[in-house]
Amino acid sequence: MVKVMWVFVLALVAALLLVTVEKIPVAEGVTCSVTELSPCLAAFMSSSQPSASCCAKLREQKPCLCGYMRNPGLRQYVTSPNAKKVSNSCKVASPNC
């Protein structure tokens, strides 16, 4: 009887654990590659408005922006006045790095 009770308790704990794990938000992996921002190139290099695909990529790449800002070869592009305009147009706040 005690053995059956322990099996029941363990099964209940396992079921609760599975339900809990399903509700934990898991961040999807983002590939930090500046080439992912290629839809934004025209907007970064001129005063043209960013496209919807540019804004989507900028939102997707937001976790990577600090790394781009720290890279001496990329800093001038991602901190330029046009890049700031693109961020504002896409409603993507500049990260605090």
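What is the torsion about the S-S bond of cysteine 55 and cysteine 90, and is the disulfide left-handed or right-handed? In the model, which is predicted and in which local features need pLDDT of at least 70, side-chain atom pairs count only at pLDDT 80 or more, whereas totals for chains, interfaces and linings use all residues. Residues are numbered from 1 along each chain as its sequence is written, and side-chain values use heavy atoms, with hydrogens and water left out. The torsion in question is about -70°, so the disulfide is left-handed. A disulfide is taken here as a pair of cysteine sulfur atoms within 2.5 Å, and the sulfur atoms of cysteine 55 and cysteine 90 are 2.0 Å apart. This pair links distant parts of the chain, with cysteine 55 in helix α3 and cysteine 90 in helix α6, 35 residues apart.

The secondary structure of the protein chain comprises six helices and zero strands, where helices (H or I, at least four residues) and strands (E, at least two) are DSSP runs numbered from the N terminus. The order of elements from the N terminus on is accordingly α-α-α-α-α-α. Of the 97 residues in the protein chain, 25% are buried, a class that means under 20% relative accessible area, against over 50% for exposed and values in between for partly exposed (1.4 Å probe, protein chains only). The accessible surface of the protein chain comes to about 7,300 Å², and 66% of this area belongs to carbon and sulfur atoms; accessible areas come from the Shrake-Rupley method with a 1.4 Å probe, and for residues only the protein chains shown count as cover. With contact defined as heavy atoms within 4.5 Å, 70% of the contacts in the protein chain between residues at least 6 apart in sequence join residues at least 24 apart.

Four disulfides are counted in total. When the bonded cysteines of the protein chain are numbered in sequence order, their pairing reads 1-5, 2-3, 4-7, 6-8. In one of these disulfides, cysteine 40 is joined to cysteine 54, with an S to S distance of 2.1 Å, and the link is right-handed, with 110° about the S-S bond. Cysteine 40 lies in the loop between α1 (2–23) and α2 and cysteine 54 in helix α3, so the pair ties together parts that are 14 residues apart in sequence. Cysteine 40 is buried, with a relative accessible area of 0%, and cysteine 54 is likewise buried, with a relative accessible area of 0%. In the pair described at the outset, cysteine 55 counts as buried at 10% relative accessibility, and cysteine 90 counts as buried at 1%.

A further disulfide joins cysteine 66 to cysteine 97, with an S to S distance of 2.0 Å. The torsion about the S-S bond of cysteine 66 and cysteine 97 is about -90°, so this disulfide is left-handed. Because cysteine 66 lies in helix α4 (residues 65–70) and cysteine 97 in the segment after α6, the pair ties together parts that are 31 residues apart in sequence. Cysteine 66 counts as buried at 15% relative accessibility, whereas cysteine 97 is exposed, with a relative accessible area of 53%.

Helix α6 (residues 81–90) has as its buried residues Asn82, Ala83, Val86, Ser87 and Cys90. These residues cover an arc of only 145° around the axis, which puts them on the same side of α6; the arc is that of the directions from the helix axis to the C-beta atoms. An α-helix has 3.6 residues a turn, so residues three or four places apart point the same way. Pro81, Lys85 and Asn88, on the other side of α6, are exposed. The cover over the buried residues of α6 includes α2 (41–45), α3 (52–60) and α5 (72–78). Just after α6, lysine 91 takes a positive phi of about 60°.

The axes of α3 and α6 come within 10 Å and cross at roughly 95°, the axes being lines fitted to C-alpha atoms, for helices over the stretch in contact, with angles running from 0 to 180 degrees between N-to-C directions. The two helices α3 and α6 are therefore roughly perpendicular to each other, on a scale in which angles under 35 degrees count as roughly parallel, over 145 as roughly antiparallel, 65 to 115 as roughly perpendicular and the rest as oblique. Cys54, Cys55, Leu58 and Arg59 in α3 meet Val86, Ser87 and Cys90 in α6.
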